[in-house]
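Reader: Please take a close look at the aromatic pairs in this model. Keep it brisk.

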Amino acid sequence: MPMPQRPRFRLLLSVVLLLCVGSVHAAKPPPRLEDPLQATMAGEFALQAGQLDEAARQYLQAARSARDPVLAERATRIALLANEDALARQCFDLWQALAPQVTVSRQAVAATLDLRAGKRRPARRELKGLLASGDDGWKQVLAALIGAVGQQPKLVVSVLGDLVDDRGMPNKLEPWLGFGGLAQRLDQPALVERIVKQVVARFPGEPRVALLRAQLLREGGKLDEARSLLAGLEDAAKRSAPLRWSLAGEYDALGDPAKAAAVLAHGPQDETSYTQRAALLDKAHDAAGLTSLYEEAKREATRPDPNRRLLLGQLAEVLERHDEALAWYASVPAEPARAIAQLRSANVLFELGRKQDAFDGLHAMQSDALIEDDTRRDAYLLEADLRLKDKDAAGELDAYARGLAAFADDQALLYSRALLWERRDDIPRAEADFRRILVSAPDDVITLNALGYTLADRTTRYKEALELIDRARVAEPGNAAIVDSYGWVLFRLGRNAEALDHLRRAYALQKDADIASHLGLVLWAVGRKDEARRYFDEARKIDPDNRSLQRALQEVGA
């Protein structure tokens, strides 16, 4: 699959690339450090180098010395990420001793540890407590179950079945949708059917039950059947805004953003619906649809508020009406829309060839303490992106270095820097940045997939890559990028027939140059060269300069 990008809407600012430290070495037992500051620094250095087990031990030592529950929690999460369950248990016990008050987050960690250790009864007790803890307790249950899938898949399935049959399940549809999705991803059709029957009985006449079935069909690769179910909901969606948004989300997940935008076009419109329609049409590369939306948004507002002015500027920008875009952006009067307009103006100035004006504006934003932190952070991201477009390698790296100095451990900056190191073939530094994200967000699907794909594509650590991609796949089985990553690591493992099945499914979900290139390479490897050439041609039409395509063509000599 492609080096995964965080979801990106060209009209709104997002994330792209860079920064670093160290290479990965075999972990050694750390010396005993009585000074908690020294131990914390040693743990951070180990973490940045990708030495997770050593980092967890150093943080555990720091927590013991300082009697600090926050450090103990950090040590626990790092040890879990490293799959060092015995060490994680030590860290957890200290965390619990230092902060005896029960919290939802600690209950979830306890459940994960118990599941990984095969302790069914205490795990069920923790999970049932989470379900009873409030509206979002079921999300913690899902996270705990997913965290143990790799170590105890049969136990996870059994416990999930127990929870579904238990009377403690919330009487809300969302948890049932989540549990049904997990059962589908674990390839448990009988359990899926039990969940669907309960949903139908509990929520009679609820259109979202059909959405659940469509989601399960999509995740099972039955795209035509899923589409047919969704079509039957379109009339009802015209009368219900929540259903309309859910239906649009499913169409988008099916790889049809244009249809999703058409669904959202029904009913009263506001800034949220206009912005989402614009994002979907942009994703579909539908210039005519964007032009029509631009005219509609102008027509429907006699006195555009700041958000509408910002949206109109973004639409004009993507339609390459640069002067109109600058005029709209200049007319945005108030924060936070004003700051976003300044960012987008810098992008337009760059496209017009006024590069120094663009960079001067971004530097001013980066040093303006009155601007919100996220927007200042975005100014560094945009500067790095523009430096990349300008082929200024040193300037790009400097932008990320300054950004991370101002916003240490920011996930967007770390992810972007990791992509920069991958592009520059510095895989140890890319891995270190990905792992720094996973320490604070261990279930971040995009980062799990990115790191797994990187290890599969650029190293021989295929088993480790498969474990990471499997974690992402369980969370989002219908994500084309993740399905592609899974197919790619199977190919690296020599499982070509399975790889082909998953790569074909990924391409059905999203016609992407990287996926087409991978599919072509696998077809070439199994001797189906004419079919491979067709996919290489498809990749060339989508993106002739695609890196995966160039590498694939070089590898096969085509």
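Author: What follows covers the aromatic pairs and the charges over rings. This is a predicted model, where local features need pLDDT of at least 70, side-chain atom pairs count only at pLDDT 80 or more, and totals for chains, interfaces and linings use all residues. Residues are numbered from 1 along each chain as its sequence is written, and side-chain values use heavy atoms, with hydrogens and water left out.

The structure holds seven aromatic pairs. Rings of Phe, Tyr and Trp (its six-membered ring) pair if their centres lie within 6.5 Å; planes under 30 degrees apart count as stacked, over 60 as edge-to-face, and the rest as tilted. One of the pairs is Phe 92 with Trp 95. This pair is edge-to-face, at 5.9 Å centre to centre and 80° between the planes. Both residues lie in helix α4 (residues 85-98), three residues apart, about one turn of the helix. Helices here are DSSP runs (H or I, at least four residues), numbered from the N terminus. Phe 92 and Trp 95 are both buried, meaning under 20% relative accessible area with a 1.4 Å probe, protein chains only.

Trp 488 and Phe 491 are tilted, because their ring centres are 5.3 Å apart and their planes lie at 40°. Both sit in helix α28 (residues 480-492), again three residues apart, about one turn. Trp 488 and Phe 491 are buried.

Now the charges. Arg 106 lies over the face of Trp 95, at 5.8 Å from the ring centre. The cut-off is NZ of Lys or CZ of Arg within 6 Å of the ring centre and within 35 degrees of the ring normal. Lys 298 lies over the face of Tyr 294, at 4.5 Å from the ring centre.

Technical notes: Helix = DSSP H or I, 4+ residues; strand = E, 2+ residues; numbered from the N terminus. Buried < 20%, exposed > 50% of the residue type's maximum accessible area, 1.4 Å probe, protein only.
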